[in-house]
Each structure stands twice: as structure tokens, then as C-alpha cells.
Amino acid sequence: GDALRDTSNLKPYAYVRLNPKVSKEKFKTKATASFAKIVRGTKAGVAKGFKAKARETKLKKAKEMKDKRRKTASKLRASTRARR
């Protein structure tokens, strides 16, 4: 689905204005090119979203692992101090 981000002032959907020229045979190539451009832009947006989501989860996972290692290390230090 489409996601509306806080920073974006664009609506999360694409639309094509209905135009009588689109249905005419004479303007078929121009109309097809127009629709193709919209579809291409949509696909690019979807790819960008997937990449952003993957990067976000990767960074989140790395941060969790770092915190876990830090917590474990501090526990080890505390236990060795208690033994002394």
C-alpha cells in the first residue's frame, strides 16, 4: 500500500486527469507515453520505499546488536569487579 510520510506534502496516490484526447486514435502514442511515464515513476517510488525500509531495518538491527553487546560487556565487567 501507499504510505503517507510526515515530511511529504504530496498525496500517496497517482491519478490521471480524464482527457478526451486520450481516447482518440490520433493521440494514441502520446497518451501511451504519458501513462508509461506515470507507471515508471510509480515503480521508482516503490523501489525507493523498499530500499528505505530495508536500510531502516538493517540499521535498527545493528543498533540492537550493539546495545546487546554493550550490556553484556558491562555485566562481565561488573562480575569481575565483584570477584576482586
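Helices (H or I, at least four residues) and strands (E, at least two) are DSSP runs, numbered from the N terminus. By that rule, the protein has one helix and zero strands. The model is a predicted one, where local features need pLDDT of at least 70 and side-chain atom pairs count only at pLDDT 80 or more, while totals for chains, interfaces and linings use all residues. Residue numbers start from 1 along each chain as its sequence is written, and side-chain values use heavy atoms, with hydrogens and water left out.

Next come the salt bridges, each a side-chain nitrogen of Lys or Arg within 4 Å of a carboxyl oxygen of Asp or Glu. The structure has two of them. One pairs Lys63 with Asp67, whose closest N and O atoms sit 3.4 Å apart. Both residues belong to helix H1 (residues 28–83) and are four residues apart, about one turn of the helix. Lys63 counts as exposed because its relative accessible area is 53%, whereas Asp67, at 32%, is partly exposed.

Asp67 also bridges to Arg70, with 4.0 Å between the closest N and O atoms. These two are three residues apart in helix H1, so about one helical turn separates them. Through shared partners, the salt bridges link Lys63, Asp67 and Arg70 into one network.

Definitions and conventions: Buried means under 20% relative accessible area, exposed over 50%, partly exposed in between (1.4 Å probe, protein chains only).
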